[in-house]
Amino acid sequence: MEQMEKLWNYMQEDMKADRIESEIRRSPLRQKLEKTRDFIMEQQKNYKDMEEHIAISLDRKDAIKDALARSSEQLNNLQNKFQTISGEDVEDVRNLLADVDKLRKTIISYEQEMRRLHKEGNEFEGKARNIRHETAVAKQEFDRMKAVYNQESKEKKTELEKQRSTADALLIDLDPQLLAVYNTVKKHTTPPIARLIGGQCSGCNTSQPSAALRKIDAGTEIVECETCGRILLK
């Protein structure tokens, strides 16, 4: 029973340390930092995606310019053919007109796509400016908050180290196997030890079977609550 009482006393200080550690993790300032960091990373990703899209658009513009130049040359060649075709060659004229119409539609299609790409490029440029501005503002705010958080965190970590030292000092002469069970239970249940009150586990208020109560009274072995898994201490 003496070992169990030592473990209980250790748990009190261990839980205090855990609460301080939890306060560090759940710090509102830390959460703001993480949110701002995520925003900056998302903006950087968006900017990179936008750059890649713009690069593809620029390549497409170059390809369209080349295609327009070729189409314009082909159109000039077709127009020149009119001068060589006899008015009596109706079928040839009809075919030539069809080729000219098809080519003009192709040119119109290229021009429409070029205008779309140009408009899209202007929109992307505006979005890029907004992203650069918002990211710069966010970085400034992140740096400001980080400086404050570092100071706050330093004080909390000093408090945590002191509390951990207080808890560790209670580990002297504590059975390593008992501590191992404690750490195992703690992974899935906190606090890992519960007092037995009126035959019930004070952690989950579940009545314990008589066999478990006898083992606890005997104090010869570790007994865990069948419901919550906590180590039971009378």
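**Notebook: a walk through the predicted model**

I started with L96, which sits in helix α3, residues 90–168. This is a predicted model, so I keep that in mind for every entry below. L96 is buried, since its relative accessibility is 5% and the cut-off for buried is under 20%. I then looked up who touches L96, skipping neighbours within four places in sequence: L78, K81, F82 and I85.

**Helix α2**

Next I went to S57, which I found in helix α2, residues 28–82. Is S57 buried or exposed? I get a relative accessible area of 10%, so S57 goes down as buried. Beyond residues up to four places away in sequence, S57 touches L117 and E120.

R37 is in helix α2 too. I noted 38% relative accessibility for R37, so I call it partly exposed. I looked up its C-alpha distance to F142 and got 7.2 Å, although R37 and F142 are 105 residues apart along the chain.

**Rings**

How many aromatic pairs are there? I count one aromatic pair. The partners are Y10 and Y182, with ring centres 5.5 Å apart and planes at 65°, so I list the pair as edge-to-face. The angle settles that label, because planes over 60 degrees apart count as edge-to-face. Y10 belongs to helix α1 and Y182 to helix α4, so the pair ties together parts that are 172 residues apart in sequence. I checked burial for both partners: Y10 is buried at a relative accessible area of 7%, and Y182 is buried at 0% relative accessibility.

I also looked at W8 and found R195 over the face of its ring, 4.4 Å from the ring centre.

I wrote myself a reminder first: most residues other than glycine have a negative phi, and most peptide bonds are trans.

Which peptide bond is cis? I found the one from T190 to P191, with omega near -5°. P191 lies in the loop between α4 and β1, the latter being residues 193–197.

For positive phi I noted D173, at about 65° and not a glycine. D173 lies in the loop between α3 and α4, and I have it as exposed, with a relative accessible area of 60%. N205 also went on my list: its phi is near 60°, positive in a residue other than glycine. Where does N205 lie? I place it in the loop between β2, residues 200–201, and α5. At 54% relative accessibility, N205 counts as exposed, the cut-off being over 50%.

**The largest pocket**

Last, I looked up the largest pocket, which holds about 220 Å³ of space. I get 16 lining residues for the largest pocket, and M4, L178, G219, E221 and I222 lie nearest its centre. Which elements each supply at least two residues of the lining? I have α1 (2–25), α4 (176–186), α5 (210–218) and β3 (231–233). I sorted the lining by class as well, and it comes to eight nonpolar, four polar and four charged residues.

Notes. Residues numbered from 1 in each chain as written. Predicted model: local features only at pLDDT ≥ 70, side-chain atom pairs only at ≥ 80, totals over all residues. Heavy atoms only, no water. 1 Å grid on protein atoms, 1.4 Å probe; cavity = no way out; pocket = protein on both sides within 12 Å on 5 of 7 lines; lining within 4 Å. Points joined across faces, edges and corners; volume = space filled by probe spheres on them. Helix = DSSP H or I, 4+ residues; strand = E, 2+ residues; numbered from the N terminus. Nonpolar A, V, L, I, M, F, W, Y, C, P; charged D, E, K, R; others polar. Buried < 20%, exposed > 50% of the residue type's maximum accessible area, 1.4 Å probe, protein only. Contact = heavy atoms within 4.5 Å. Phe/Tyr/Trp six-rings, centres within 6.5 Å; stacked < 30°, edge-to-face > 60°. Lys NZ or Arg CZ within 6 Å of the ring centre and 35° of its normal.
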